[in-house]
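I opened my notebook to keep a record of what I looked up in this structure, entry by entry. I began with the whole chain and then went on to its parts.

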Amino acid sequence: MAERDERSDVEVTESVADSSVPAEESENGVQQAEAAIKNDIARIAAERDDYLASLKRLQADFENYKKRILKQQTEHLERAAEGLVEKLLPVLDTFDLALAHGEGLDQVQSQLMAALEKEGLERIDPVGKPFDPNEHDAVAHEPGDGEGGGPVVTEVMRNGYRWKGRLVRPAMVKVKG
């Protein structure tokens, strides 16, 4: 029995000596596995950040697209309304002529003008103001008093109009100076 005990002691010592080499290798293997996991986590985090940045850019692009489309639709509607106003300008001119001849349509004309002004139509009234070629068409000219100032509008022959601040039709005017 003593022989067996000696053998088992030798076997245990050998097995301990043999197991110490794989223990060092297994520590290196664990460290390598941990390093690989850390690298994978860093790579996945970088991918996540890239996807998040791409998503944020896409959301911003979509918001800009929605704003641009809304602006284009609004401009389209305003242009359509401007076209209607341009078609109504001859009617307003006829009202002005009828009123000048005393035909008593002033209530109808004032109601129509009030409705159009509420929507954005503005009549250009340049009498007594300096001549502006951007807003006035000079169709008649009379000599000035020699005061040295620039030409001044003395009479409006056909009214001019702005629609929401933009010139639709220049005023036809008589200029002095």
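This is a predicted model: local features need pLDDT of at least 70, side-chain atom pairs count only at pLDDT 80 or more; totals for chains, interfaces and linings use all residues.

Residues are numbered from 1 along each chain as its sequence is written, and side-chain values use heavy atoms, with hydrogens and water left out.

**Elements.** I looked up the DSSP runs, where helices (H or I) have at least four residues and strands (E) at least two, numbered from the N terminus. The protein has 2 helices and 6 strands, and from the N terminus on they run α-α-β-β-β-β-β-β.

**Helix 2.** I checked the length of this helix, for which the expected span is 1.5 Å times one less than its number of residues. Helix 2 has 14 residues (106-119) and should therefore span 20 Å, which agrees with the 20 Å between its end C-alpha atoms. Which residues of helix 2 are buried? They are Gln109, Met113 and Leu116, and they lie on the same side of helix 2, because they cover an arc of only 65° around the axis (the arc is that of the directions from the helix axis to the C-beta atoms). On the other side of helix 2, I found Gln107, Gln111 and Lys118 exposed. Glycine 120, with a positive phi near 130°, follows helix 2.

**Sheet.** I count two strands as paired if DSSP finds at least two bridges between them. An open sheet of 3 strands has the order 2-6-3, with mixed pairing. Strand 2 (136-142) and strand 3 (152-158) are at the edges with a single partner strand each, so one side of each has no neighbour in the sheet. Strand 2 runs parallel to strand 6 (residues 171-176), and 6 bridges join the two; aspartate 137 has methionine 172 in strand 6 as its bridge partner.

**Asparagine 159.** I found this residue in the loop between strand 3 and strand 4 (160-163). Is asparagine 159 buried or exposed? At 15% relative accessibility, asparagine 159 counts as buried. Taking contact as heavy atoms within 4.5 Å, and leaving aside neighbours within four places in sequence, I listed Asp96, Arg123, Ile124, Arg169, Pro170 and Ala171 as contacts of asparagine 159.

Technical notes:
Buried means under 20% relative accessible area, exposed over 50%, partly exposed in between (1.4 Å probe, protein chains only).
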